[in-house]
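Subject: Structure handover

Hello,

Please read them with the structure open beside you.

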Amino acid sequence: TAPSDYMSNIIKNIVHVNPIIIQYGVDTTVFKRNDSPPDQNRENAVISARALTNKYDIQTIINALPLIINKHPETTAIIAGSGDKKDLFAESMKKNKCEEKVTFEGEVPNNKMPELLNKASVYISTSPSDGISISLLEAMACGLFPIVTDIPGNREVITNNQNGILFETGNVTNLVDKVVSALKNKELQQKASEMNKKIIEERFSMSKNLSVIEDMYERLLRI
């Protein structure tokens with residue numbers, strides 16, 4: 001099996017077989033939008049939930065945040081994830097006088113992520129390489145508006161300017177413009193939230209996909 005078309009093509013090129021494409025998905029009983037009680041602060045909050053390492057290019061978010069806050073002063077940011085660059089990134093926010101606007105949560109247990117995601121309206125991923133990211137799917141399930149890199153794995157679930165926005169990998173200026181535009185466009189956020197809820201339910205529901213996987217293995221055992 002492969003979790004995405006992108007990974008399926010890589011496997012086919014290596015071992016010359018056609019894997020079944022299926023993603024474990026998201027537990028939609030846990031990862032879901034929660035507006036009770038309404039949180040007014042989430043309207044202008046963005047979140048990153050990837051590890052603070054070079055692999056995910058968090059430096060691009062760190063470089064973008066002071067510019068985003070300058071253009072849209074109501075913005076706040078949540079940086080979730082562990083990594084050896086946490087102190088360096090926090091110091092960068094302090095130098096740019098953004099330390100009161102940016103919260104570094106460190107490593108967050110998965111059972112705490114739904115609550116944290118529901119404190120933001122926009123999800124950002126700057127990763128230069130990915131399959132279909134579980135982190136992205138969890139954010140979509142919680143109703144966040146995704147702004148993610150324009151790479152094959154993300155294009156499998158995000159249609160640009162419809163259920164999210166794709167931006168050029170590593171392009172700080174492009175990311176700043178996309179985030180500020182999205183924060184101001186509540187109508188686009190609402191439409192995307194409705195589309196993403198449907199996408200998650202139809203393609204990435206853990207309960208549905210695990211049933212498919214279980215049925216597939218039972219059929220294999222009968223061969």
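I start with a single residue. Lysine 95 sits in helix 3. Its relative accessibility is 64%, and because the cut-off for exposed is over 50%, lysine 95 counts as exposed. From C-alpha to C-alpha, lysine 95 lies 9.9 Å from proline 66, although the two are 29 residues apart in sequence. Please keep in mind that this is a predicted model.

Proline 66 also belongs to the contact between helix 2 and helix 3, so that pair comes next.

Helix 2 and helix 3

Helix 3 covers residues 86–95, and its axis comes within 10 Å of the axis of helix 2, with a crossing angle of roughly 15°. Angles under 35 degrees count as roughly parallel, and therefore so does this pair. The crossing of helix 2 and helix 3 is right-handed. On the helix 2 side the contact is made by Ile58, Gln59, Ile62, Leu65 and Pro66, and on the helix 3 side by Phe89, Ser92 and Met93. Sorted by class, the contact of helix 2 with helix 3 has six nonpolar residues, two polar ones and no charged ones.

Helix 2 and helix 7

Helix 2 (residues 58–71) also packs with helix 7 (residues 172–184): their axes come within 9 Å and cross at roughly 45°. Helix 2 and helix 7 are therefore oblique to each other. The crossing of helix 2 and helix 7 is right-handed. From helix 2, the residues in this contact are Thr60, Ile61, Asn63, Ala64, Leu67, Ile68 and Lys71. They meet Val172, Leu175, Val176, Asp177, Val179 and Val180 in helix 7. By class, the contact of helix 2 with helix 7 has nine nonpolar, two polar and two charged residues.

Loop residues

Aspartate 57 has a positive phi of about 50°, although it is not a glycine. Its relative accessibility is 19%, and since buried means under 20%, aspartate 57 counts as buried.

Lysine 97, in the loop between helix 3 and strand 3, also has a positive phi, near 60°, and is a residue other than glycine. With a relative accessible area of 73%, lysine 97 is exposed.

Lysine 112 is placed in the loop between strand 3 (102–106) and helix 4 (113–117). Its relative accessible area is 46%, which makes lysine 112 partly exposed. Lysine 112 and valine 30 are 82 residues apart in sequence, but their C-alpha atoms are 9.9 Å apart in space.

The chain as a whole

The chain has nine helices and six strands. Of its 223 residues, 47% are buried. Among contacts between residues at least 6 apart in sequence, 67% join residues at least 24 apart. The accessible surface of the chain comes to about 11800 Å², and carbon and sulfur atoms account for 49% of that surface.

Regards

Definitions and conventions:
Residues numbered from 1 in each chain as written. Predicted model: local features only at pLDDT ≥ 70, side-chain atom pairs only at ≥ 80, totals over all residues. Heavy atoms only, no water. Helix = DSSP H or I, 4+ residues; strand = E, 2+ residues; numbered from the N terminus. Buried < 20%, exposed > 50% of the residue type's maximum accessible area, 1.4 Å probe, protein only. Contact = heavy atoms within 4.5 Å. Areas by Shrake-Rupley, 256 points an atom, 1.4 Å probe, with all protein chains shown as cover. Axes fitted to C-alpha atoms, helices over the stretch in contact; angles between N-to-C directions. Parallel < 35°, antiparallel > 145°, perpendicular 65-115°, else oblique. Left-handed = near helix turned anticlockwise from the far one by under 90°. Nonpolar A, V, L, I, M, F, W, Y, C, P; charged D, E, K, R; others polar.
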